[in-house]
2 protein chains.
Amino acid sequence: MDKPILSESVIFPKGDELPEFLSKYFTGKVWVSMLVGRDNEFNCPIGNVTFEPGCINNWHKHPGGQILLVTGGRGYYQEEGKPARELKPGDVVTIAPDVKHWHGAAHDSWFVHLSVETNANAGPAEWLEPVADEEYNKLK
Amino acid sequence: MDKPILSESVIFPKGDELPEFLSKYFTGKVWVSMLVGRDNEFNCPIGNVTFEPGCINNWHKHPGGQILLVTGGRGYYQEEGKPARELKPGDVVTIAPDVKHWHGAAHDSWFVHLSVETNANAGPAEWLEPVADEEYNKLK
C-alpha cells in the first residue's frame, strides 16, 4: 500500500526525471522538481527529489553545503568515514561545505527529500565515485 | 476532522510557542521548531512554523529574503500593494529582500509552513505595523 503514495512527493510536485548529465551519478531513476531556481538573489536553490527504491547517488561534495529535509519514504545518508544514518520523514540532515557524502533510498522503499543548497554561489556540486555495492548492500 | 491533524506540523516537529519578544508581532498563537539554526555556516536558518486558525503576523521585511514552503492547512501571503494570495500544501512563496509582506492562517484553518531565511547574514527581520483588521477580515 505504501508504494503508490511514497512514489509521489507527498506534498511538493514530483517533477521530471533527471537529465542524463546528472542521472549518470545515480544508480536508478530520480525525479526532481526545482521549487526555487538558481538564477536569483536567494543564493539557495531548493529541489524536491524523489528516488525510486534502491536508487542512491554517488559520493559528492557541495562547496557551499547542503540541507536535506526528508518528507517521504525511507533512505540513508552517509558521510565518509562514518556509519550510514537511516532517514525517515521529519528528519533533517545538515551537510557542511566540502563534506564527502551520499544519500538515497533504502532497497525496499521510495525516498523523498527537499534539497536546500546553501551558499550556492560557492559553486556547483563535485561528483565523485559510486558507493561500493558491498557498502550499500549491507544496509537493511 | 481536519483540525487535530493540521494543528500538527504534518511532517516536521511542531516545537514550542514563540517567546513574547516575537509573538507580539502575531495576532494569536504560533509554534516554531528551528530545524536549522542561525549560528552556523549555512547562512540559511530554517524553521517549521505553525499558526493557529485566524493567526497572522505583522507586516515585515527580511533584508536577505525569505522562502516559504507550505506543508499544511490553508493560509495567505500578501505583499504590499498586491492582493493576498491563498496558500495550500505544496505552494512555494519566494519573497525578495526588503519586500514588505505578511503571512498567516485563514480564519477557519491551521496553517503550517517551512520558513527558509535566505542570505541570513544580511541581518534580522524588520517588524512593522499590524495588518488592518478590515484587510484580513475580507479574506475568505
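**Strand β5 of chain A**

I started with β5(A), residues 66-73, and found the strand mostly covered: 8 of its 8 residues are buried. I kept in mind that this is a predicted model.

Next I looked up which strands sit beside β5(A). One partner is β8(A), residues 92-95, paired in the antiparallel sense over 4 bridges. Within that pairing I noted Leu68(A) standing opposite Val93(A). β10(A), residues 111-117, also pairs with β5(A) in the antiparallel sense, over 7 bridges. There I picked out Gly73(A), whose bridge partner is Phe111(A).

**Where chain B meets chain A**

I then turned to the interface. How many residues are in contact? I found 28 residues of chain B in contact with 28 residues of chain A. The area buried between the two chains is about 2000 Å², and carbon and sulfur atoms give 78% of that. Three residues, Ile11(B), Phe12(B) and Phe42(B), supply 29% of the area that chain B buries against chain A, more than any other three.

I checked for charge pairing and polar links too. The salt bridge count between the chains is 0, while 2 residue pairs are in polar contact, both at pLDDT 80 or more.

**The chain B side**

Which strands of chain B supply at least two residues each to the side that touches chain A? My list reads β2 (30-36), β5 (66-73), β8 (92-95) and β10 (111-117). The largest share, 5 residues, comes from β5(B). Sorting the residues of this side by type, I got 18 nonpolar, 8 polar and 2 charged.

Technical notes. Residues are numbered from 1 along each chain as its sequence is written. Chains are lettered from A and ligands numbered from 1 in the order in which they are written. This is a predicted model: local features need pLDDT of at least 70, side-chain atom pairs count only at pLDDT 80 or more; totals for chains, interfaces and linings use all residues. Side-chain values use heavy atoms; hydrogens and water are left out. Contact means heavy atoms within 4.5 Å. Buried area is the accessible area (1.4 Å probe) that two parts lose on being put together, summed over both. A salt bridge is a side-chain nitrogen of Lys or Arg within 4 Å of a carboxyl oxygen of Asp or Glu. A polar contact is a pair of N or O atoms within 3.5 Å; within protein, one must be able to donate a hydrogen and the other to accept it, and residues adjacent in sequence count only if both atoms are side-chain atoms. Ala, Val, Leu, Ile, Met, Phe, Trp, Tyr, Cys and Pro count as nonpolar, Asp, Glu, Lys and Arg as charged, and the others, Gly among them, as polar. Buried means under 20% relative accessible area, exposed over 50%, partly exposed in between (1.4 Å probe, protein chains only). Two strands pair if DSSP finds at least two bridges between them.
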